[in-house]
Amino acid sequence: MMRVLILAPLLLLPGLAQAQGIPALTFTETAGGGGSWSLSLQILVMMTALTVLPSLLLGMTAFTRIIIVLSILRQALGTQQTPPNQVLIALALFLTFFVMQPVLTDVYEQALAPALDNTMSQEAALQRGGEIMKDFMIENTRQNDLAMFAELAGDVPYADTQAVPFRVLLPAFMTSELKTAFQIGFLLFLPFLVIDIVIASILMALGMMMVSPVLVALPFKLLLFVLVDGWALTVASLAAGYGVAAGGGG
């Protein structure tokens with residue numbers, strides 16, 4: 001479904017190219033018979049939108065929860081930079097595509113593909129794609145977080161889920177994802193914390209004050225994590241949190 005993320009900005013480009021106002025590229029003649037080319041503000045706005053697009057896509061998907069849980073897990077293991085950041089980000093991205101695949105498939109089939117085939121207008125395609133993403137985000141957003149941001153925005157109670165604006169839904173969704181990620185991280189941290197406490201107590205009882213408890217506990221934590229197949233359990237739990245295990249679309 002990576003093609004969905006790659007082709008999505010193309011829906012905006014024709015509208016920007018056909019927008020009325022200053023043309024994208026202008027030529028100004030100079031007194032000496034020469035000339036100079038200048039880009040308009042339209043191109044600047046378009047490039048700015050393209051730079052913000054990755055942040056919007058990551059903020060509207062499962063990436064936030066996944067990368068935070070993986071980072072906390074690495075901290076709990078005490079392996080410093082192993083796995084490295086590049087590996088964690090790659091795993092989080094591919095797991096995000098796996099979790100979001102049903103949602104992105106719906107966006108492609110119901111919005112992007114009709115727009116590319118000229119059977120649906122760009123405005124209708126953007127609206128339909130936004131409705132699909134709203135359904136996913138609201139399903140994974142706590143109601144108290146949504147109510148808090150709606151109150152901060154001064155909005156009245158919404159008639160239905162589609163009436164929730166993105167300016168309220170986006171921060172509510174990310175706040176809810178952060179809370180869920182830290183709750184999962186807390187549960188992951190507990191068994192490793194117990195191992196650290198036990199190892200530190202044993203070393204103190206033996207009078208081995210100069211030996212680092214972290215260094216001694218590391219192989220035991222790695223052994224425990226490998227024996228319980230920790231990576232598979234963690235990844236499966238993250239995916240199941242979005243209803244993937246049950247065959248749902250999130």
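**Reading a predicted helical chain**

The accessible surface of the chain comes to about 14600 Å², and carbon and sulfur atoms hold 70% of that surface. The model is a predicted one.

Biologist: What makes up the secondary structure of the chain?

Modeller: There are 10 helices and 2 strands. Along the sequence they run α-α-β-β-α-α-α-α-α-α-α-α.

Biologist: Where is confidence lowest, and where is it highest?

Modeller: Helix α2, residues 12–17, is lowest, with a mean of 43. Helix α4 is highest, at 90. Over residues 2–22 the pLDDT is below 50, and this stretch has 28 contacts in the model beyond near neighbours in sequence. Residues 245–250 are also below 50, with 11 such contacts. Where pLDDT is low, the predicted coordinates should not be read in detail. For the chain, the mean pLDDT is 77, and 80% of residues reach 70 or more.

Biologist: What share of the chain is buried?

Modeller: Buried residues make up 33% of the 250 residues. As for contacts with a separation of 6 or more, 68% join residues 24 or more positions apart.

Biologist: Why is N140 called buried?

Modeller: Its relative accessibility is 12%. The cut-off for buried is under 20%. N140 therefore counts as buried. N140 sits in the loop between α6 and α7. Its C-alpha atom is 7.5 Å from that of Y242, although the two are 102 residues apart in sequence.

Biologist: Why is F220 called partly exposed?

Modeller: The relative accessible area of F220 is 47%. Buried needs under 20%, and exposed needs over 50%. The value lies in between, so F220 is partly exposed. F220 belongs to helix α9.

Biologist: How do you know that the length of α9 agrees with a helix at 1.5 Å a residue?

Modeller: Helix α9 covers residues 213–227, which is 15 residues. The expected span is 1.5 Å times one less than the number of residues. That gives 21 Å, and the end C-alpha atoms are 21 Å apart, so the two agree.

Biologist: Which residues of α9 are buried?

Modeller: A217, K221 and F225. Residues three or four places apart in an α-helix point the same way, because there are 3.6 residues a turn. The cover over the buried residues of α9 includes α4 (63–77), α8 (166–205) and α10 (230–240).

Biologist: How do you know that the span of α8 agrees with its number of residues?

Modeller: With 40 residues, α8 should span 58 Å. Its end C-alpha atoms are 57 Å apart, which agrees.

Biologist: Where does α8 bend?

Modeller: At L190, by about 30 degrees. A proline, P191, follows within four residues. Just after α8, G207 takes a positive phi of about 75 degrees.

Biologist: Which residues touch the most other members of the largest nonpolar core?

Modeller: I66, F136 and M137, in a core of 41 residues. The elements giving two or more residues to this core are α4, α5 (85–116), α6 (122–139), α7 (143–153), α8 and α10. Helix α4 gives the largest share, 10 residues. In soluble globular proteins, nonpolar side chains tend to be buried together.

Biologist: What kind of peptide bond joins T82 to P83?

Modeller: A cis bond, with omega near -5 degrees. P83 is placed in the loop between α4 and α5.

Notes:
Residues numbered from 1 in each chain as written. Heavy atoms only, no water. Buried < 20%, exposed > 50% of the residue type's maximum accessible area, 1.4 Å probe, protein only. Contact = heavy atoms within 4.5 Å. Bend = angle between axes of the 7 residues up to and from the residue. Core = buried A, V, L, I, M, F, W, Y, C linked by side-chain atoms within 4.5 Å. Areas by Shrake-Rupley, 256 points an atom, 1.4 Å probe, with all protein chains shown as cover. pLDDT = per-residue confidence, 0-100.
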